[in-house]
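Me: I would like to learn how to read a few features of a model. Can you take me through them one at a time?

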Amino acid sequence: MRRLLALLVAVSLVAGCDSGGGGTPEPKPRPSPAITDQELGEHLDALQRIANDNGGTRAVGTHGYEASADYVAARLRDAGWTVSRQAVRFTYFRLDRASVAIGGRTLTRARQFQVLSYSGSGRAEGRLRASGDGCEAEDFDELEGGEIPLVDRSGCFFRQKAAAAERAGADALVVDEPVRSRRGVPSGTLAVPGIAIPVVLVSARALGEAGDGTPASVMVDAISRGGRAENVIAETPGGSGDRIVMAGGHLDSVAGGPGINDNGSGAATLIEAAEAIGPKPPGARVRLGFWTAEEVGLYGSRQYVRSLDEGERRRIRAYINLDMVGSPNAVPELYGDGDAGLGHVLRRAYGGRLGQIRAGQSSDHASFQAAGIPINGLYTGSDEPGRGGRPRDPCYHLSCDTVRNVNRRVLLRMARTTARALLTLSARHR
Ligand SMILES: [Zn+2]
């Protein structure tokens, strides 16, 4: 999941007390499909093993991703579903070397600084110049030759800051990352290639008192190139073909970690929902999407929706997104800015206290929503504050996002909720 603006509104509903969806009496949610913690654990362990065998990552463009795609395709075939693969073109970013020094101190990558994906390559040496949030051209009016702009993290996407700095003639850009965690600096992206200058995130702790005039140097040696990967699409052979209900989640991890909560938890949930629903759903056909290249720019889901003609889009009556559904310090939520009717189905399927988050364009639901397909989703949190003010997932986009970083009790409930919701939707759209 790409970073979200959290809007926390807790809605507590005891299953059965809410009259909710209009006049027609809601069919009672079907009993929870026999999904077990052990089965979910098997998929998480399998994805962890794949990451271990591939340099600690399942990022797109790596063998770790291909092996993950092979794994889920085999599981879905075993469950009696029809499986297909869809080619997706994306741009590929590989970081070979990088160094940053601030005020004479050489910083450590990952712990004190990160290079943004699709950063340009090069070397810059000079003095820092504070340049606000760097979102507007005038933020760089003071910038002089040999100076390196330092900007805040807030206000706009990294890409807008980098483009403005480059236009202003900067040789590199330093972004102040306010996360004060000993676990290091979270990864980030410029979304697409095209920025020619090095762009780095430096933690506020590592910057310390640095500001105007502080000596600094930045060096990045990286490759951005086009690549090809595959979405895995699975569909029930049974069910009435003219209507489809869908769920999906991304299968790739960030380059810097195995991505077991983000988003092995979503992949495990989808596999178990498929096994619980079986090849013959009660009404509409059920289709699942395992998307590639989400972490580098939502490429897989965008390509999938783009490949649908108008008729196909109309057949899809619902899309439920699953991205991070097993966060250690979880706050279970649905998408408050998603379809209210689907939100109601998810709440009833969950049968308990479920908060709301404003999902915006932060994950794979975005392309479905833009195509006019009703969407909603389940989410348990990334770096937003959770219970006790602690991050909901302290290992968000980090190498410690391993099998030990998953709240199994929450994941089990999310998986059963997903299967129940898909069964309800299939029956409703028969
Ligand atoms: Zn994610």
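Reply: We go through salt bridges, backbone geometry and a helix pair in turn. This is a predicted model: local features need pLDDT of at least 70, side-chain atom pairs count only at pLDDT 80 or more, and totals for chains, interfaces and linings use all residues. Residues are numbered from 1 along each chain as its sequence is written, and side-chain values use heavy atoms, with hydrogens and water left out.

Me: What is a salt bridge here, and how many does the whole structure hold?

Reply: A salt bridge is a side-chain nitrogen of Lys or Arg within 4 Å of a carboxyl oxygen of Asp or Glu. The search of the whole structure finds 16. One of them pairs Arg 85 with Asp 70, the closest N and O atoms being 2.7 Å apart.

Me: Which parts does the pair of Arg 85 and Asp 70 tie together?

Reply: Helices (H or I, at least four residues) and strands (E, at least two) are DSSP runs, numbered from the N terminus. Arg 85 sits in strand β2 (residues 82–102) and Asp 70 in helix α2 (residues 63–78), so the pair ties together parts 15 residues apart in sequence.

Me: Are Arg 85 and Asp 70 buried, exposed or partly exposed?

Reply: Buried means under 20% relative accessible area, exposed over 50%, and partly exposed in between (1.4 Å probe, protein chains only). Arg 85, at 33%, counts as partly exposed. Asp 70, at 41%, counts as partly exposed too.

Me: What does Arg 287 pair with?

Reply: Arg 287 forms a salt bridge with Glu 312, with closest N and O atoms 3.3 Å apart. Arg 287 belongs to strand β11 (residues 284–291) and Glu 312 to helix α7 (residues 310–315), so this bridge ties together parts 25 residues apart in sequence. Arg 287 is buried at 7%, and Glu 312 is buried at 19%.

Me: Where do the partners Glu 333 and Arg 392 lie?

Reply: Their closest N and O atoms are 3.0 Å apart. Glu 333 is in strand β13 (residues 333–335) and Arg 392 in the loop between β15 (375–379) and α10 (408–428), so the pair ties together parts 59 residues apart in sequence. Glu 333 is buried at 1%, and Arg 392 is buried at 0%. Elsewhere, shared partners join Glu 235, Arg 285, Arg 287, Glu 312 and Arg 315 into one network of salt bridges.

Me: Now the backbone. Which peptide bond is cis?

Reply: Most residues other than glycine have a negative phi, and most peptide bonds are trans. Here a cis bond joins Asp 262 and Asn 263, with omega about 20°. Asn 263 is in helix α5 (residues 260–277).

Me: What is the phi of Ala 293, and of His 397?

Reply: Ala 293 is not a glycine, yet has a positive phi of about 55°. Ala 293 lies in the loop between β11 and α6 (299–306) and is buried at 0%. His 397 has a positive phi of about 60°, again without being a glycine. His 397 is in the loop between β15 and α10 and counts as buried at 9%.

Me: Last, how do α8 and α10 cross?

Reply: Axes are lines fitted to C-alpha atoms, for helices over the stretch in contact (heavy atoms within 4.5 Å), and angles run from 0 to 180 degrees between N-to-C directions. The axes of α8 (residues 340–350) and α10 come within 8 Å and cross at roughly 130°. Angles under 35 degrees count as roughly parallel, over 145 as roughly antiparallel, 65 to 115 as roughly perpendicular and the rest as oblique. That makes α8 oblique to α10.
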